Amino acid sequence: SASLRVFPFLDSGMSIQEVANASGLATSTVFKHLEKYIEARNVSDCSTWVPQEAIVAIEAAIAIVGNEKLKPIFDQLQEKYSYEHIRAVAA
């Protein structure tokens, strides 16, 4: 699948922008593949791709509202962090 194509880039620790440049994909597409990568590889630390302060805030919001749906997390964070970052941390 297309996701597997970006896995080696993510394995090497490349940033989202670096993966996008190397693969010719949009950053939004790379973030979608990142979510699958995190789940497939059982990644517990996504700080390579998501800023640490965003991880802390998103995890706190998830603790309050749960992670069944992204919109309540986004709202809890007062729209400060992107859905891409929320998806990566929730994964």
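How many positive and how many negative side chains does the protein chain have, and how far apart do the centres of the two sets lie?

1. There are 8 positive and 11 negative side chains, with the centres of the two sets 7 Å apart. Lys and Arg count as positive, Asp and Glu as negative, while His and the chain ends are not counted. Each charge is placed at NZ of Lys, CZ of Arg, CG of Asp or CD of Glu.

2. A word on the basis: this is a predicted model, where local features need pLDDT of at least 70, side-chain atom pairs count only at pLDDT 80 or more, and totals for chains, interfaces and linings use all residues. Residues are numbered from 1 along each chain as its sequence is written, and side-chain values use heavy atoms, leaving out hydrogens and water.

3. The fold has six helices and zero strands (DSSP runs of H or I, at least four residues, and of E, at least two, numbered from the N terminus). The radius of gyration is 13 Å, close to the 12 Å of the globule rule for 91 residues, so the chain is as compact as a globular protein of that length (C-alpha atoms; the rule is 2.2 Å times the number of residues to the power 0.38).

4. Helix 2 (residues 16-23) buries Ile 16, Val 19, Ala 20 and Ser 23 (buried: under 20% relative accessible area, 1.4 Å probe, protein chains only). These fall within an arc of 100° seen down the axis, so they line one face of the helix (directions from the helix axis to the C-beta atoms). Their cover includes helix 1 (2-11) and helix 3 (27-41), going by contacts, meaning heavy atoms within 4.5 Å.

Methods: Buried means under 20% relative accessible area, exposed over 50%, partly exposed in between (1.4 Å probe, protein chains only).
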